[in-house]
Amino acid sequence: MKILGIDIGGSGIKGAPVDTEKGVLLSDRYRIPTPEAAKPADVADVFAQIAKRFDWKGPIGAGFPAVIQQGVARTAANVDDSWIGTDAAALFSKAADCPVRVLNDADVAGIAEMRFGAGRHRDGVVFIVTIGTGLGTALFSDGVLVPNTELGHIEMDCQDAEWQSADSARKRENLTWREWALRFDRYLNHIHALFWPDLFILGGGASKKMHKFEDILSVPTEIVAAQLRNEAGIIGAAIAAEALVPKI
Ligand code: BGC
């Protein structure tokens, strides 16, 4: 199927048409910087610009950095609070005049990795962590997603794990890769103790630098880098929107 995938992030909103059978982009990504306060109306405006750029008339899938239930945002850790309670799917659908399905950003990146990337043909418990402004998580059991896990927000040392161990913490505190990785390793060990994953897949910006910190990770679990890199969000969002296409 040919579906437009849009990945809404803290710094950029990126989109491209996707062939969901092959897991490839059908043209170059189009990226627009995320508007300053990232309020719903401004993000919807950018969303519409991306759809227009591809002259899009058809289903669109989107990944958004919040808990999403039936299209409605329920949290706002790194976005404007006015998103809480906003029907993002309805808002984007109106803006782009197309049917839209919205899921959590880490969930869609995970969906793409499981179908076409590092999680392909992997049964058991697979835990995906996206390391960026936030710590996004996606949990799969035998290929089935448990949505909205939000396990980047577990408590570590009386703090939100994301505050300590996201890539934004490394930048904010000017940590060396080693200093940051020691924290991130504690995070993975926490998750290991809770879920005993068979595989960890590390995605997001920091995963491109895995060679700088993989030696420090002590968790007794296989750990691999995500394979679809910065296309995972777009591809996974498009896959999620396959559900909008009527079956004949
Ligand atoms: C949000 C998640 C999101 C993650 C990555 C977290 O702060 O709570 O919903 O998946 O950041 O963007």
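Trainee: How many residue pairs are in polar contact across the interface of domain 1 and domain 2?
Mentor: The rule finds three, with both residues at pLDDT 80 or more. A polar contact is a pair of N or O atoms within 3.5 Å; within protein, one must be able to donate a hydrogen and the other to accept it, and residues adjacent in sequence count only if both atoms are side-chain atoms. This is a predicted model, where local features need pLDDT of at least 70, side-chain atom pairs count only at pLDDT 80 or more, and totals for chains, interfaces and linings use all residues. Numbering runs from 1 along each chain as its sequence is written, and side-chain values use heavy atoms, leaving out hydrogens and water.

Trainee: And how many salt bridges across that interface?
Mentor: Zero by the rule, which looks for a side-chain nitrogen of Lys or Arg within 4 Å of a carboxyl oxygen of Asp or Glu.

Trainee: Where are the domain bounds?
Mentor: Domain 1 covers 2-104 + 231-244, and domain 2 covers 118-226; the bounds come from an automatic or database domain assignment. Their C-alpha centres lie 24 Å apart.

Trainee: How many residues are in contact there?
Mentor: Seven of domain 1 with seven of domain 2, contact meaning heavy atoms within 4.5 Å.

Trainee: Switching to the ligand: how many residues surround it?
Mentor: 13, with Asn104, Asp105, Glu150, His153 and Glu162 the closest; the cut-off is a heavy atom within 4 Å.

Trainee: How far is the polar side-chain atom of aspartate 105 from a ligand oxygen?
Mentor: That distance is 2.5 Å. For asparagine 78, a polar side-chain atom lies 3.0 Å from a ligand oxygen.
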